[in-house]
Amino acid sequence: MTDFGKLYDSKILSADQAVESIPRKANVAFGLGPSNPPALLSALARRVEARELDRVHLFYQLAHEAAKPLFKTQYLDRISFHPNFLSYVDRAFMKEAGSNSVVDFLPSYLWQLPRVFSEFNHMNVFMITVSPMDKHGYFSLGTSCDYSSTVAGDCDMLMVEVNKHMPRVFGENLVHVSQVHSIVENDVPLIQLLDKPATAKDIKIGAMIAELVPDGACLQFGIGSIPNSVALSLLGHKDLGIHTEMLTSSVADLYEAGTVTNVRKNIHRYKTVFTLCWGSQRLYELIDDNPSIESYPAWHINDPAVIQQNDNVISVNSIVEIDLFGQVNSEFIHGREFSGVGGQRDFMSGAFRSKGGKSFLAFHSTTNDGKTSKIVPALTGLVTDSRMEPMYVVTENGITNLKGKTNSQRALSLIDLAAPEFRQELLNAAKEMALVK
């Protein structure tokens, strides 16, 4: 029997030693969120600082504190930043630089991203935090299967940062020690994503959506206090299933209540499946070594053709704004990219194809200060979802199903969901646009 321990030991390096093998010009990607490898990213920044790299094209999603050493304006002659989903790190960097152009956004639906990162932008190096190796020589990608499993198997050099805090997750998210170029050991707590307290509006919206969710439904939740409120309103439901892009802390509540059984799913029956996970320590402990929870690549989890195979798929996501035609902006604020496309459209499409499926776009009718309506005559940002995509639209003022509605019916039903102080203004705009008489 192969002694994988010896193979492991032969590949252990310090982070600085590991990054020495990166060529002066390279495409480099790293795992998202909790999978950002802090030691390797800091070592990469030190090579950039020393001008030992001429041009690094950096591809990633959801950079956080671990990646911040790379985000310096003085490195712009040596690093090009290509996120598919922006975080506070990118936004702070753009603000510091006084220009949005320092980040060169790469648009892609999440289900297509593994191919985009591996085939159309082949990676010379991929860095990611992984769980400790098992006796068979396998590391688990833990919280980050998404594009990571594909790129890890396709890159020229796979560098793993082994962290005992990374959960070991079942599914199609393993890499073998024989695939790994270098191993860095670094035990640091995983970054958590803690929930914000739900507001009265969140709770009201969550209750409205929950009324339309049948027992046995298969759920996808986006991120934020509204999806979390929906989950809390579902605690009394039975035999719910989970097939979701991002596994969030609200799922832990449903698990503990015995609400999630996955027994009525047609695919991945009895299993909660996801492609990325970011939440509380309690969530990380839930997914660790749990045979009822599995992770798969985004090209599988987020493929509408896969999503539709389960009945009663329920998709819940939030948006930035929606116009009177039903076009949706979920990523652009103040004239610039704020977040990204993610998998919202993937699940909207999959839910509609699902027997009994429903997709919900849920949001507060105004911005937090109450001065700006999120229901607008025309979008101020890019179109994330075309007017043909939305199904149910929900604010604290009500709920409407846009499917089957004409342009005028859509406009009037959306105006009814707006804050009262903006309705006359929206109605006047609808008349000027010849949407209503």
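This is a predicted model: local features need pLDDT of at least 70, side-chain atom pairs count only at pLDDT 80 or more; totals for chains, interfaces and linings use all residues.
Visitor: How many strands form the open sheet here, and in which order?
Guide: Six strands form the sheet, in the order 3-2-1-4-6-9, and the pairing is parallel. Two strands pair if DSSP finds at least two bridges between them.

Visitor: Which strands stand at the edges?
Guide: Strand 3 and strand 9 (182-185) do; each has a single partner strand, so one side of each is left without a neighbour in the sheet. On average, neighbouring strands of this sheet are turned by 20 degrees against each other, direction ignored.

Visitor: OK, how many bridges join strand 1 to strand 2?
Guide: Five, and the two strands run parallel. A29 stands opposite F59 in strand 2.

Visitor: And between strand 2 and strand 3?
Guide: Six bridges there, with the strands parallel again. V56 has I79 in strand 3 as its bridge partner.

Visitor: What about helix 3, what does it lie across?
Guide: Helix 3 (residues 38-49) lies across strand 1 (25-30), strand 2, strand 3, strand 4 (125-130), strand 6 and strand 9. It runs at about 125 degrees to strand 6, where axes are lines fitted to C-alpha atoms (for helices over the stretch in contact) and angles run from 0 to 180 degrees between N-to-C directions.

Visitor: New topic: where is L70?
Guide: L70 sits in the loop between strand 2 (55-61) and strand 3 (79-85).

Visitor: Is L70 buried or exposed?
Guide: L70 counts as buried because its relative accessibility is 1%; buried means under 20% relative accessible area, exposed over 50%, partly exposed in between (1.4 Å probe, protein chains only).

Visitor: What does L70 touch?
Guide: Not counting residues up to four places away in sequence, L70 touches L41, L44, A45, V48, L58, Y75, I79 and F81. Contact means heavy atoms within 4.5 Å.

Visitor: Last one: why is helix 13 largely enclosed?
Guide: Seven of the ten residues of helix 13 (residues 344-353) are buried, so the rest of the structure largely encloses it. Among the buried ones are F347 and M348.

Key:
Residues are numbered from 1 along each chain as its sequence is written. Side-chain values use heavy atoms; hydrogens and water are left out. Helices (H or I, at least four residues) and strands (E, at least two) are DSSP runs, numbered from the N terminus.
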